[in-house]
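Have a look at the sequence and the picture before reading on.

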Amino acid sequence: MSGQKCNYFNCGKSKRNNPDLSFHTFPSNEHTMKTWIIHSGNIALDNLSPKKLRKRYICSDHFDKNMFMNLNQKVRKLIPNATPMKYAMNNSGSSPKYENSETTNFETPVKKMKPVEIQGRILDFDTKSVVHF
Ligand SMILES: [Zn+2]
């Protein structure tokens with residue numbers, strides 16, 4: 001059984017090159033399957049038949065620790081209805097994609113700091129002449 005390769009967007013890791021990872025086939029449950037496709041960010045998978053999808057893999061990189069039944073064992077098993085983490089398009093920043101309350105450690109304010117910093121520098125420059133001590 002060679003050729004296990006991750007179908008997660010921008011991943012493409014293979015079992016051969018990453019023996020420490022476990023590779024998980026798409027679930028047979030249609031609803032969960034859809035969720036996997038969406039979360040994987042690899043929309044092209046949506047064109048595949050369920051039969052073909054069952055031969056595709058997502059590597060353990062994309063699953064939260066609590067999605068595994070037996071993290072410590074070599075052959076990891078996913079809990080029923082486990083879903084991979086959502087592929088996050090961090091660049092857009094405007095997508096509050098995390099409906100799950102479990103995964104809301106998402107810090108957006110950090111992004112706003114940058115322009116402020118630049119402004120601060122400019123302000124700093126200006127205020128040099130106006131410093132009142
Ligand atoms: Zn992967």
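Which residues make up the largest nonpolar core? The members are C6, Y8, C11, F26, W36, I37, L45, Y57, I58 and C59, 10 residues in all. Two elements, α1 and β2, each give two or more residues to this core, and β2 supplies the largest share, with three residues. A nonpolar core here is a set of buried Ala, Val, Leu, Ile, Met, Phe, Trp, Tyr and Cys residues joined through C-beta atoms within 7 Å. "Buried" has a cut-off too: 20 or more other C-beta atoms lie within 10 Å of the residue's own, while exposed is 12 or fewer and partly exposed is in between, with C-beta atoms placed from the backbone. In soluble globular proteins, nonpolar side chains tend to be buried together.

Before going further, a word on the ground rules. This is a predicted model, where local features need pLDDT of at least 70, side-chain atom pairs count only at pLDDT 80 or more, and totals for chains, interfaces and linings use all residues. Residue numbers start from 1 along each chain as its sequence is written.

Now the layout. The protein chain has three helices and two strands, and along the sequence they follow the pattern β-α-α-β-α. Helices (H or I, at least four residues) and strands (E, at least two) are DSSP runs, numbered from the N terminus. Of the 133 residues in the protein chain, 17% count as buried.

Helix α1 covers residues 30-40, and its buried residues are W36, I37, H39 and S40. Those buried residues pack against β2 (57-59). Just after α1 comes G41, with a positive phi of about 75 degrees.

Why does F26 count as buried? Because F26 has 22 C-beta neighbours inside 10 Å. Leaving out residues up to four places away in sequence, F26 touches M33, W36, L53, R54 and R56; touching means that two C-beta atoms, placed from the backbone, lie within 7 Å. Y57 has its own list, again not counting residues up to four places away: Q4, K5, C6, N7, F23, H24 and T25. Across the protein chain, residues 24 or more positions apart account for 54% of the contacts with a separation of 6 or more.

Here are two pairs separated along the sequence, with their C-alpha to C-alpha distances:

| Pair | Apart in sequence | C-alpha to C-alpha |
|---|---|---|
| F26 and R54 | 28 residues | 5.1 Å |
| N10 and N42 | 32 residues | 8.4 Å |

Most residues other than glycine have a negative phi. N10, in the segment before β1, has a positive phi near 65 degrees. N81, in the loop between β2 and α3, also has a positive phi near 65 degrees. Is N10 buried or exposed? N10 is exposed, because 9 other C-beta atoms lie within 10 Å. N81 is exposed as well, with 11.

Finally, how confident is the predictor? That is what pLDDT tells you for each residue, from 0 to 100. The protein chain has a mean pLDDT of 78, and 65% of its residues reach 70 or more. Among its elements, β2 has the highest mean (97) and helix α3 (residues 109-127) the lowest (48). Over residues 108-114 pLDDT stays under 50, and the model has two contacts beyond four places in sequence for them. Over residues 122-127 pLDDT also stays under 50, with zero such contacts.

Note on methods
pLDDT = per-residue confidence, 0-100.
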